[in-house]
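The following note is intended for a colleague who is meeting this structure for the first time.

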Amino acid sequence: MSVSGQSGQSDEASNCPPWAHWLLDHLQLGLLVLDAQCQVVFVNDWLLVHAGLTRDAVLSRHLLEVFPQLKNTSFERALKQAVASGYPTLLSQTLNPAPFPLFLSTRQRGQDKVLRQSIRIVPAGFKASGLMDQRYIFIQINDVTQSVIRERLLKAQSGRLKGLSEIDVLTGLGNRRRLDAVLPQAIRTAHKSAQPLSLIMFDIDYFKQFNDIYGHLAGDEGLRQVAQALNEVFRRPQDLVARFGGEEMVAVLPETDGQAALALAQQALQRVREKCIDHRGSKIATVLTLSAGVALCDPASALTTIDLLKAADQALYLAKSLGRNQVCS
Amino acid sequence: MSLNALELDALTEIFNVGVGQAANALSQLAGANVRLTVPRVVMLSKQGLSNELTENGSDDRICAVRQAFSGVLNTEAVLMFPVQQSLQLVQMMVGDDVPLEQLGEMEQEALAEIGNILLNSVVSGVADVLKLQFEGSLPYVELGPVQDVLFAQGDPTDLVLSLQIDFAIDTLQIRGFMVFLLDVESVESLKATVRQFLVSLT
């Protein structure tokens with residue numbers, strides 16, 4: 001590169017086409033050219049405007065004097081390495097958000113936000129520096145603030161959509177997809193932390209008859225009431241209540257042993273009975289009731305997701321065969 | 001035409017010097033101790049490498065950082081990780097607790113930076129010891145099946161110089177491969193240079 005921002009170097013400037021400075025100053029990115037001692041020999045307008053500096057404050061000075069905040073950073077390390085090796089190098093916004101103190105130009109500077117930067121340091125290789133009197137280095141600084149904002153928005157949005165896609169529309173509980181995502185993770189955590197994990201499976205007693213007598217809209221309301229009761233009992237942030245099938249619901253309870261899970265299941269049954277939802281079709285009560293099966297994932301045993309669901313299902317079957325409206329384990 | 005065991009041993013030692021420098025740079029960047037080792041350097045065909053990369057895993061998608069180096073010998077240097085491991089690597093380097101789900105634009109650029117540090121350190125280590133000069137290029141990131149990344153140019157029987165690189169940060173371990181794609185002339189010229197170096201030691 002034979003461009004120089006300094007006057008009085010006509011020998012170099014003569015090699016330079018008449019439009020070169022105009023071009024470099026109108027690029028929408030920052031450009032610096034350093035000599036082999038890291039003194040600035042060229043700086044373009046974009047960089048001066050965004051750094052709030054004059055050309056005189058930058059030219060013929062060591063880069064780290066102009067921008068002392070670069071000292072002892074990854075940028076300084078990368079620059080030294082580039083000077084020594086002659087290989088181009090890249091500094092990403094993710095790992096070095098804003099090495100240079102660059103801000104929006106004063107006209108737009110509402111909030112004084114520092115620009116996020118993606119930086120390339122390109123030293124002249126051995127061939128090019130052989131053609132020059134020394135190894136010049138150019139530094140290209142791209143403003144990636146807008147990309148960072150866009151990625152952040154997209155990530156937030158995808159997080160929200162993911163949350164929505166794992167909710168059961170009728171009850172507001174987690175759906176099967178949520179259960180499938182959470183349960184394997186919970187089992188892994190239980191093994192890793194040597195903590196017990198309990199799983200309770202609930203089923204509404206005589207729900208088919210309930211639907212037949214009161215209609216499906218009342219059935220939907222019944223499901224919502226049960227979901228609300230379960231949410232009132234399982235309230236810790238690490239607990240998950242999910243709708244497993246039609247009228248079956250599952251509670252995943254980390255750091256909960258079998259005894260505690262049994263007691264909580266009893267509470268849930270009690271809470272649903274207290275709602276006093278009339279159920280003429282039930283053969284065991286006058287109100288809507290639940291049956292529940294409790295399974296424990298002991299950290300010592302190597303239970304899988306399927307083992308645990310199966311065990312809870314078997315306990316639930318036992319509760320039903322013993323007359324419903326009760327908890328078994 | 002390949003390198004013999006003695007020549008590969010010499011290269012392993014030379015590579016480890018560069019890898020050591022890269023570990024220092026990455027530690028500074030991560031704000032945590034990054035340890036890197038190169039347990040093994042081998043020469044094999046692209047096909048052989050592809051088989052090795054895909055043998056234990058259903059997902060054959062990899063993330064690759066590529067750079068070209070030219071001089072007495074020409075090579076394309078490629079740093080490769082299984083996609084899942086590359087996500088973990090970025091997460092560790094950023095020091096973020098939130099698990100990443102996919103490699104977005106920003107994560108890919110971070111990988112380009114990590115790859116650039118490693119490739120530049122290793123090549124400049126080789127250049128220093130073997131007294132070679134190279135022109136380097138900026139890195140770019142590629143995602144895709146191993147075959148697409150490796151077989152884009154040349155022939156599956158072409159030889160590559162492959163370094164297994166093990167990363168350790170805190171308790172996490174990640175395995176990547178650094179591969180130098182070499183044409184026949186470059187293999188010969190590398191062999192001649194390493195031989196010369198070995199002679200100079202005696």
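1. Between chain B and chain A, the rule finds 14 residue pairs in polar contact, both residues at pLDDT 80 or more. A polar contact is a pair of N or O atoms within 3.5 Å; within protein, one must be able to donate a hydrogen and the other to accept it, and residues adjacent in sequence count only if both atoms are side-chain atoms.

2. This is a predicted model, in which local features need pLDDT of at least 70 and side-chain atom pairs count only at pLDDT 80 or more, while totals for chains, interfaces and linings use all residues. Residues are numbered from 1 along each chain as its sequence is written, chains are lettered from A and ligands numbered from 1 in the order in which they are written, and side-chain values use heavy atoms, with hydrogens and water left out.

3. On the side of chain B that touches chain A, α4(B) supplies the largest share, 15 residues. Helices (H or I, at least four residues) and strands (E, at least two) are DSSP runs, numbered from the N terminus.

4. Two salt bridges are found across the interface of chain B and chain A. A:Arg150 forms a salt bridge with B:Glu105, with the closest N and O atoms 3.2 Å apart. The term denotes a side-chain nitrogen of Lys or Arg within 4 Å of a carboxyl oxygen of Asp or Glu.

5. The contact takes 31 residues from chain B and 29 residues from chain A, where contact means heavy atoms within 4.5 Å. The area buried between the two chains is about 2500 Å², and carbon and sulfur atoms give 54% of it. Buried area is the accessible area (1.4 Å probe) that two parts lose on being put together, summed over both.
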